[in-house]
Amino acid sequence: MCGISGALGVSEKSKDYLQKFNNSLSHRGPDGEGTLFRDQVFLGHRRLAIIDLESGAQPMESPDQRFAIVYNGELYNYKEIKKELILLGHQFNTESDTEVVLKSYMVWGTQCLQKFRGMFAFAIANFEQ
């Protein structure tokens, strides 16, 4: 099971502490780690790779970098939702359910939760300018 972490209102001075915070979750995800610091937002991830072993690294950002996500779980119906999003004109760069969750949020906002079947936790940062 992956580990996710996050904090709001952080400064550059907090960067080392937050990196240690994310590293403390290493037992939750031995297959990779990633962090994002931007606009006083920190997102951290420790990965246990199950789906899309090669390209599911997190935090994952939208193509326009407006949104970023850290995610843990399994979305059982992600392939069906992905097909729906493709029909709406969206393109995908990975085979991960993380990208499906992110793009679902971009299209439907919090109503995307009504479509999801599975067990999961995630945090999405909106860096709207």
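Visitor: Which residue forms a salt bridge with glutamate 84?
Guide: That's lysine 115, with the closest N and O atoms 3.1 Å apart. Keep in mind that this is a predicted model.

Visitor: OK, how many salt bridges does the structure hold?
Guide: It holds 5. One of them joins arginine 66 to glutamate 128, where the closest N and O atoms are 2.7 Å apart.

Visitor: Which parts of the chain does that pair link?
Guide: Arginine 66 belongs to the loop between strand 4 (60-61) and strand 5 (67-75), and glutamate 128 to the segment after strand 6 (118-126). The two are 62 residues apart. As for accessibility, arginine 66 is partly exposed at 29%, whereas glutamate 128 is exposed at 56%.

Visitor: What does lysine 82 meet in a salt bridge?
Guide: Glutamate 95, at 3.3 Å from N to O. Lysine 82 lies in helix 2 (residues 78-87) and glutamate 95 in the loop between helix 2 and helix 3 (97-108), so the bridge ties together parts that are 13 residues apart in sequence.

Visitor: Why does lysine 82 count as buried?
Guide: Because its relative accessible area is 11%, and buried means under 20%.

Visitor: Switching to packing: how many residues are in the largest nonpolar core?
Guide: There are 14. The ones with the most contacts inside this core are Ile69, Leu75, Ile81, Val100, Val101 and Phe116.

Visitor: Which element gives the most to this core?
Guide: Strand 5 does, with 4 residues. Strand 5, helix 2 and helix 3 each supply at least two.

Visitor: What does phenylalanine 116 touch?
Guide: Leaving out residues up to four places away in sequence, phenylalanine 116 touches Leu75, Asn77, Ile81, Val101, Ser104 and Phe122.

Visitor: What about another core, apart from that one?
Guide: Another core lies apart from the largest one and has 7 residues, among them Leu36, Val41, Leu43 and Val70.

Methods. Residues numbered from 1 in each chain as written. Predicted model: local features only at pLDDT ≥ 70, side-chain atom pairs only at ≥ 80, totals over all residues. Heavy atoms only, no water. Salt bridge = Lys/Arg side-chain N within 4 Å of Asp/Glu carboxyl O. Buried < 20%, exposed > 50% of the residue type's maximum accessible area, 1.4 Å probe, protein only. Core = buried A, V, L, I, M, F, W, Y, C linked by side-chain atoms within 4.5 Å. Contact = heavy atoms within 4.5 Å.
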